[in-house]
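Hi,

Here is the structure you are taking over. Please open it first, then read my notes below.

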Amino acid sequence: EIIEQGTVSWQAPSNIALVKYWGKKEHQIPANPSVSFTLKNCRTITKLDFSKKDGQEDFEFEVFFEGNKKEDFKPKIRTFFERIVQYSPFLKDYQFEIHSENTFPHSSGIASSASGMSALALCVMSLEKKLNPEMSEDFFRKKASFLARLGSGSACRSIEGDLVVWGKHKEIKDSSDLFGVNYADEVHDNFKNFQDTILLVDKGRKEVSSSVGHNLMHGHSFAEARFAQANDNLAKLKPIFAEGDLTKFIEIVESEALTLHSMMMSSRPYFMLMKPNTLEIIIKIWGFRKQTGLPVSFTLDAGANVHVLYPEKDKVKIFEFIKNELVAYCENGHYICDSVGSGAKQL
Ligand code: PMV
């Protein structure tokens, strides 16, 4: 099929890991499997305009973010194209305009790499599908996740929903190091529409990027024990997802978050991404949980912001607590209300 020009468009969500990916091998192969909730409201919307060009020497593209041309976004996208061109060779046959926007504020400390890279990978796959219309839906989604992984590891968990596993695990059928798959085992109603209120403790750029952090797991004293623990925690979550035991869920999820940050603090060189208000919030959550017995918990990604997780059935009481007690620790009182979503969508 010869396609001269056209436009494809996708929206892809962010995701929050329950068992964390921290440490990788070559080619964005994770050192351990991870599992995440796909989010609903934090999304990137990307439109890819393409038109056939002469010559195949180099990539030709422009990047627009929220309407403005962005030269500084190009190196990251060029690196992405360089990594994926062996799987998507048609990328050099076209010139592109990439138009992107986020549903969340750019400077929120919310990483847009997961939603951004998965939205772009899906656009690339839509072009491939135009060139090869017989492609199956299953192949399309797996390859989109495969490509997204090469952009940013955790981005491969942003294609599907509501729970996605990335990384080979002996007890999770069809799991792969190469792409994320929907968690196919039983999931209790307690986890349906789970809530995630994201407290924006620090909206600045973080001092240490996650790629530097991943690399510091090479030669880390605790690396092997950590990778084994992640495998173990994922196995432990299986019956917890099935039975809906929120007490056990909280124990694993909070431990994962603190372990992620303790890996940072025990790296050489060591670093710390939590801020004093991150700790204030964690301590308040523990106090409230002890006092009320309500199943509210936290997780952290590679930054100071706190994701407050809780089941929908306790939403009213827990959100009241968040507003009254936790929002005061947020930068300018800013937070984002999100919940578990179902994955990327074509527009
Ligand atoms: O996808 P990356 O390379 O930005 O790494 C993300 C790492 C964590 O967010 C800390 C954990 C995870 O599994 O998402």
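Which helix gives the largest share of the shell around the ligand? Helix 4 (residues 210–215) does, with three residues. Helices here are DSSP runs of H or I with at least four residues, strands are runs of E with at least two, and both are numbered from the N terminus.

Two notes before the rest. Residues are numbered from 1 along each chain as its sequence is written. The model is predicted, so local features need pLDDT of at least 70, side-chain atom pairs count only at pLDDT 80 or more, and totals for chains, interfaces and linings use all residues.

**The ligand**

In total, 16 residues surround the ligand. A residue counts as near it if its C-beta atom, placed from the backbone, lies within 6 Å. The closest are Ala17, Tyr21, Ser154, Ser210 and Ala302. The shell has six nonpolar, eight polar and two charged residues. Here Ala, Val, Leu, Ile, Met, Phe, Trp, Tyr, Cys and Pro are nonpolar; Asp, Glu, Lys and Arg are charged; the others, Gly among them, are polar. Domain 1 (5–186) and domain 2 (194–339) both give residues to this shell, so the ligand lies between them.

**The two domains**

The domain bounds come from an automatic or database domain assignment. The C-alpha centres of domain 1 and domain 2 lie 24 Å apart. Their contact takes 27 residues from domain 1 and 34 residues from domain 2. Contact means C-beta atoms, placed from the backbone, within 7 Å. On the domain 1 side, strand 4 (34–52) gives the most, with six residues. That side divides into 14 nonpolar, seven polar and six charged residues.

**A helix pair**

Helix 5 (residues 223–243) and helix 6 (residues 246–265) pack at about 160°, with axes 10 Å apart. Axes are lines fitted to C-alpha atoms over the stretch in contact, and angles run from 0 to 180 degrees between N-to-C directions. That angle makes helix 5 roughly antiparallel to helix 6 (over 145 degrees; under 35 is roughly parallel, 65 to 115 roughly perpendicular, the rest oblique).

Most residues other than glycine have a negative phi, and most peptide bonds are trans. The bond from glycine 161 to aspartate 162 is cis, with omega near 0°. The bond from arginine 268 to proline 269 is also cis, with omega near -5°. Histidine 27 has a positive phi of about 60°.

Best wishes

Conventions
Two residues are in contact if their C-beta atoms, placed from the backbone, lie within 7 Å.
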